[in-house]
Amino acid sequence: MAKVPVEIEINEKWCKGCGICIAFCPTKVYTVREDGKPAIINPEACTGCGLCELRCPDFAINLGGKKNGN
Amino acid sequence: MAVEELLQKYFRKKLPHIWCPGCGNGIIMGAVVRAIDKLGLDQKKTVIVSGIGCSSRAPGYMKFDTLHTTHGRAIAHATGVKMANPELNVVVLTGDGDSSAIGGNHLIHAARRNIDLTVVVFNNNIYGMTGGQFSPLTPSGSFATTAPYGVIDRNFDLCELAKAAGGTYVARGTAYHTRQLVDLVADGLAHKGFSFIEVVSQCPMYYGRKNQLASAVAMLEWQKEHAVPVKAAAKMTPEQLAGKFAIGELYRAEGVPEYTAAYGEVIAKLGRDQQ
């Protein structure tokens, strides 16, 4: 089955730059920007596991796309 | 359910919240809402009650009937709601200080009665809102604004208290183990009786900074390293478990009379006697 990329949306206004998503992404999709907020550097690696969305304290990450079927 | 849908359905238009960067409160609030969604509870028949403290601001963001009550008295108010309307799902969101110190007595008696409430304790080990004073759940030896030389109080296990007082569902989770936390809260909500879930959380601002855990990431790493699944913990010696804590469902008792059901029977009996 072809790999369907997950759409990762980051709400810049709500993100407080705590770094949880960056540190705990199992496939290192994110890296830290100068302001401490996440940049998506490796979107193809996203497996849609949803951990960043679950652990974001600020509800600032929204995973879309077909992988997020739940 | 993706965050976008979750926000639409379960949250008021009051976000972003006021909690500090990396605070665990947002993670736990999200887990509670996901647990409610998992069970498909009727939003109009679910009431969220809180006391005072950082954690107790959560209901203000949540699209339910909510009560933000006085310090330590969330469980007392929730008891009133449940007694008046036993068909409601009543959830209490409280902090470690709110539930163990100021409201400790209410916790004991709600557990003793086995009233059908679900109490979720946001345990960040500190009174964050007022500037970092130590609470009964601040670990012995750690530092706080009011304990510059370390806390001399002995460690206190609130799950043991809830169990000993008569609670019939007792669990502990962490902000780090978020997926498990959703399941633990859902199990508590589904359980008919007094359900108690302690969530080991992080306050990077007032607890972390004083205890060599200067970031939310460091604090979540700490949770990951110190939490032991309850089955593994059962096989460990006290020495191996020193400084660690068990997570998962710690205790469950079935068949214990639930308080509002017992009260309903009294009402029904009186009705029959008067006929």
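This is a predicted model: local features need pLDDT of at least 70, side-chain atom pairs count only at pLDDT 80 or more; totals for chains, interfaces and linings use all residues.
In chain B, the residue B:Ser135 is placed in the loop that runs between strand 4 (117–123) and helix 6 (158–165). Because 26 other C-beta atoms lie within 10 Å of B:Ser135, and a residue counts as buried when there are 20 or more, B:Ser135 is buried. When its neighbours within four places in sequence are left aside, B:Ser135 is in contact with B:Asp96, B:Gly97, B:Ser100 and B:Ala101, and also with B:Asn125, B:Ile126 and B:Tyr127.

Where the two chains meet, 21 residues of chain B are in contact with 20 residues of chain A. On the chain B side, two or more residues are given by each of helix 1 (3–10), helix 2 (25–39), helix 7 (178–190) and helix 9 (216–226). Sorted by class, this side of chain B has 13 nonpolar residues, together with six polar and two charged ones.

The largest nonpolar core has 77 residues, of which B:Val32, B:Val92, B:Val120 and B:Val185 touch the most other members. Helix 2 of chain B, with eight residues, gives the most to this core. Apart from neighbours within four places in sequence, B:Val185 is in contact with B:Ala31, B:Val32, B:Ala35, B:Val120 and B:Ile197.

Key: Residues are numbered from 1 along each chain as its sequence is written. Chains are lettered from A and ligands numbered from 1 in the order in which they are written. Helices (H or I, at least four residues) and strands (E, at least two) are DSSP runs, numbered from the N terminus. A residue is buried if 20 or more other C-beta atoms lie within 10 Å of its own, exposed if 12 or fewer, and partly exposed in between; C-beta atoms are placed from the backbone. Two residues are in contact if their C-beta atoms, placed from the backbone, lie within 7 Å. Ala, Val, Leu, Ile, Met, Phe, Trp, Tyr, Cys and Pro count as nonpolar, Asp, Glu, Lys and Arg as charged, and the others, Gly among them, as polar. A nonpolar core is a set of buried Ala, Val, Leu, Ile, Met, Phe, Trp, Tyr and Cys residues joined through C-beta atoms within 7 Å.
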